Amino acid sequence: MKERIDMAVEEDDYDNLFSSSRCRYLIVRPENGGVVDLLRFVASRDKAIIPSSKFIESSDDDYDELLAGEGGGGEGMSTPDHRWVIFVSIIVRKILSFFGKPMEWYGYLIEFLLNLLSLNTNLLGLIYNLLHGKVVIPQRGSETFISAIGHLDGRIDLYKNDLIVEGKDDPSFGERGFQIQIENRVLMDLSMMASKLAYENPNVVRNVVNQHWKMHFVDFYNCWNDYQKERSTQVFILCDKPKDANLILISFRGTEPFDADDWSTDFDYSWYEIPKLGKVHMGFLEALGLGNRAKTSTFKENLQLKDANFTSSNGIDTTGPSEGSEEAASSSEKKLVPEMAEMTAYFAVRSKLKNLLKEHKKAKFMVTGHSLGGALAILFPTVLLLHEEKEVMQRLLGVHTFGQPRVGNRQLGRFVEAHLVHPNPKYFRVVYCNDLVPRLPYDNQTFLYKHVGVCLYYNSFYVEQKVPEEPNRNYFGLRFLIPEYVNAVWELIRSFIMGYIRGPEYEECWLLILLRIVGLAIPGISAHSPMDYVNSVRLGRERTIQMSSL
């Protein structure tokens, strides 16, 4: 498969990826300067100020070399100045850093009040229970405590779940139901609902998977991010049944609405270059537990092809036996640092996935995620490819992402396409209308980040079109400005009539209507809601002619 595209890494070169090339990176550090430094950074006419700025840490002192291969710096050409994009990134991340704690406290309060109202039926029910001393107090972490995302869209049942539940005990169902159509609407809905469910706590996830979906909950991982020094990456795994499973599904949690670190990661411009493979968003690598910008050598150490194991920023190297040995299969993760490495997302999920694939001989696996979770969902199999996990990747059914931000440059995209798009697409990227997040980080004809894979784009009428890139790929295009606001008005109007047109299942709650009102000021915020993605999958109909973003 690797020989299909020139940019894909030659198999003989795999062992020399890191030894033959120096590792390059660019880190944007908003915390390293003040307002005066920022004004000097953006006002200077000298592009050489970029790599020497307080805000920038890079492997290259020369700006042209820093952006080599991204459309500039060739003979007779000047390297484009991306300073304004970095400037916006710094401003947004400084604001998020300042409001980080208030956002967290506000999120706790909002979720508590939402659960207080729902557990007591509604406001009138809460007043009644107060008067009668029967108030139900929400308990965070319980199977009845629902996240803010869950309150935006309260649906938990799958679309035509009976097709999976009734067929999963048929020995041939794996081939008939799963292998043939990764684009199957039932599978797409399972992926989207699992992506939405990943925002919930482990007890809610277990209850929904086992009791409502009639599937088998495997485990929930609260994973360590060594850069953030906290367990900020969440992922869960399920099987369609506990024995002789046909399907294993891995779902990564996305950007939480009140988590400033998650939003800061989405707006981050920092990248790390994997030699001969491409540049990858540094924040997403950190979320998978594959390095720490505080010590950039940890990326190289964790991405090594042979005996890849976790190395923390403290320099603890925990390489063990080779991956192929029985000893490695049983003990490699045990040798990792308990407080960090055992619970880094990539290594924890990879270890469990291997065990599940051994246990369920006929099972295929899928990976999915919404928002930030979508970025992790496509990076996970990409790193499996890098680590030459051939037996595991032969069992990959597909990857579904929803509202996913960009994860790397065009070179990385060609590598992903060589393995996950050609000859048969296994990677589908779903984008709803004017959703802001898939337009991040910024991309133009010379800029770094590029999307890859089959894009299933849905407009605000839930009409589907397969496109190489969503319309208005950078969100800030002037010719799309008026249509964006017109569309935001239409989405607000639609909120009041969806229940009448499509039935009670599609009725929008008051919380989502409030979010639609916010969308009148910032179009694209409410479009990131999982509800529109669930609706897109369930109501979507194909259209082959050119569509506008509306």
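Select Arg293 and Tyr227 to begin, and you will find the charged end of Arg293 over the ring of Tyr227, 4.5 Å from its centre; a charge is said to sit over a ring if NZ of Lys or CZ of Arg is within 6 Å of the ring centre and within 35 degrees of the ring normal. Next select Lys279 together with Trp271, where the charged end of Lys279 sits over the ring of Trp271, 4.2 Å from its centre. The model you are viewing is predicted, with local features needing pLDDT of at least 70 and side-chain atom pairs counting only at pLDDT 80 or more, while totals for chains, interfaces and linings use all residues. Residues are numbered from 1 along each chain as its sequence is written, and side-chain values use heavy atoms, leaving out hydrogens and water.

The tour now turns to pairs of rings. Rings of Phe, Tyr and Trp (its six-membered ring) pair if their centres lie within 6.5 Å, and planes under 30 degrees apart count as stacked, over 60 as edge-to-face and the rest as tilted. By this rule there are 11 aromatic pairs. Select Phe98 and Phe99, whose ring centres are 5.0 Å apart with planes at 85 degrees, so this pair is edge-to-face. Phe98 is exposed, at a relative accessible area of 62%, and Phe99 is partly exposed, at 42%, where buried means under 20% relative accessible area, exposed over 50% and partly exposed in between (1.4 Å probe, protein chains only).

Then move to Tyr346 and Phe347, with ring centres 5.1 Å apart and planes at 75 degrees, so this pair is edge-to-face. Tyr346 is buried, with a relative accessible area of 0%, and Phe347 is buried, with a value of 0%.

Now select Asp532, which counts as buried at 0% relative accessibility. Show the side chain of Arg516 as well, and a polar contact of 2.9 Å will be seen to join it to the side chain of Asp532; such a contact is a pair of N or O atoms within 3.5 Å, where, within protein, one must be able to donate a hydrogen and the other to accept it, and residues adjacent in sequence count only if both atoms are side-chain atoms.

Finish at Asn222, which is partly exposed, with a relative accessible area of 32%. Its side chain makes a polar contact of 2.4 Å with the side chain of Gln234. Select Met343 too: the C-alpha atoms of Asn222 and Met343 are separated by 7.0 Å, although these residues are 121 residues apart along the chain.
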